[in-house]
Amino acid sequence: MYFDHRFHLVHLNYLKYHISPDSFIKKLIEDLIIVCIMELKCKCGSTCIRTAEEILIQNKEAFNPCQQCETIPLKKFSPLSEQINLNIIDSQFERCSCGKRHLDITVAHVLKLMVDEDLQNELSTLRNTCVPLITPAYPLQAIPYLGDKSLIVLSPKMNQQCAERILEEIPEVKAVIKGETNKTVGIKDSSHEPHVYETLAGCDMRCDIINTPQGPICLHKDQSEIHIEFPAHRSPKITSTSLFMKKHCIDSDFTVLDATSGPGTLGIFSLMSGASRVVFNDLWKPATNMTALNLEVNGFKVDFFDETLEKCMIAHGEQFEVYNLDIRDLGSVLDEKFDLCIIDPFPGVNSKEFVESASKLARNILVIE
Ligand SMILES: C[S@@+](CC[C@H](N)C(=O)[O-])C[C@H]1O[C@@H](n2cnc3c(N)ncnc32)[C@H](O)[C@@H]1O
Ligand SMILES: [Zn+2]
Ligand SMILES: [Zn+2]
């Protein structure tokens with residue numbers, strides 16, 4: 001179980017300290033928030049999962065350079081060994097006194113260790129070293145300066161020994177995953193085999209921040225099990241959903257079926273836009289687990305969550321339910337007509353049957369292309 005909701009740790013001790021009623025209430029709320037955050041536990045037992053509020057407060061300046069941050073420029077497409085002597089790279093190399101290092105320097109350190117372990121060679125470039133996945137990730141204006149545990153390294157060439165060295169020797173790295181970057185993680189449809197990446201070291205839980213007209217949404221993802229989407233300044237699927245709701249006058253007290261919900265982005269956006277009820281569904285179990293987690297993280301309290309359940313409702317709250325079913329089977333558990341069904345299939349998946357199933361369940365259907 002990733003989280004539950006017990007607030008029994010609230011201490012009222014400061015009553016004794018004769019503080020004003022206002023300060024008392026403020027402190028009480030702070031304590032409650034801290035307890036909530038503590039209860040949002042990651043599978044690794046650490047603090048990888050935080051509430052949207054906490055992430056957004058801490059994240060504002062997290063990847064900006066300080067006034068002293070500066071770095072040597074490196075060319076991404078030229079062999080790194082022709083630009084610097086790889087032997088001088090260690091965890092202090094090009095690190096500012098504020099503790100941060102430029103992303104390119106961190107990737108250079110990853111490449112140095114991969115060359116040491118014979119997984120890359122002297123001609124390797126920063127570009128072909130790895131896919132750097134930053135966390136928490138939001139659309140950035142410039143290449144980020146990284147602090148501790150803010151990077152997940154994804155590479156098809158990785159092995160266990162090198163992954164463990166990278167995690168141990170490079171403070172910025174939170175996890176190392178092995179996987180083919182051109183292969184989508186998850187399941188494309190029920191007729192396809194699922195595909196997952198392999199977490200070799202660390203914890204692969206990361207968070208994307210998506211801007212929406214209703215405010216930002218924080219989406220946690222076990223990155224070895226959930227497909228990668230890079231946050232853009234404007235998310236095209238959020239824009240399509242928002243425009244569709246306006247066009248069809250779906251603006252108050254409406255119901256939504258997010259039929260291929262992934263980690264829950266569009267259904268959570270629907271709740272933020274005023275939907276009175278949202279049913280989330282996805283065929284891929286890890287995606288429905290993430291949906292439940294992301295609901296809680298973004299302030300929609302989950303009253304029930306059982307990750308051991310399959311092929312049925314795995315979570316619910318006051319305004320939502322989360323199902324783990326093939327979209328084609330939803331009609332057997334849902335006896336209602338939604339105002340809107342959102343279908344967001346993976347690229348290349350024929351959505352004809354998805355739309356046929358949805359047409360029995362909803363008055364309006366939005367297919368994200
Ligand atoms: C592009 S992703 C959805 C992303 C999601 N809308 C978001 O923005 O976070 C497509 C999703 O369709 C799900 N899927 C594939 N086949 C399905 C099926 N037959 N029924 C329900 N979901 C399915 C996949 O597991 C995947 O999570
Ligand atoms: Zn974790
Ligand atoms: Zn600095």
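Which strands does helix 4 lie across, and at about what angle does it run to strand 6? I started my notes there.

**Ground rules.** I am working with a predicted model, where local features need pLDDT of at least 70, side-chain atom pairs count only at pLDDT 80 or more, and totals for chains, interfaces and linings use all residues. Residues are numbered from 1 along each chain as its sequence is written, and chains are lettered from A and ligands numbered from 1 in the order in which they are written.

**Overview.** I found 8 helices and 15 strands in the protein chain; these are DSSP runs (helices H or I, at least four residues; strands E, at least two), numbered from the N terminus.

**Helix 4 on the sheet.** My answer: helix 4 lies across strand 4 (151–155), strand 5 and strand 6, at about 40° to strand 6. Angles run from 0 to 180 degrees between N-to-C directions, with axes fitted to C-alpha atoms, for helices over the stretch in contact.

I read an open, mixed sheet of 4 strands in the order 2-4-5-6. Its edges are strand 2 (131–134) and strand 6 (198–202). Strand 5 (residues 173–178) pairs with strand 6 in the antiparallel sense over 4 bridges; pairing takes at least two DSSP bridges. I noted Gly202 in strand 6 as the bridge partner of Ala175.

**Helix 3 on helix 4.** Helix 3 (residues 103–116) packs with helix 4 (residues 160–169) at about 140°, axes 10 Å apart. From helix 3, Val110, Leu113 and Met114 meet Cys162, Arg165, Ile166 and Glu169 of helix 4; contact is C-beta atoms, placed from the backbone, within 7 Å.

Technical notes:
Contact = placed C-beta atoms within 7 Å.
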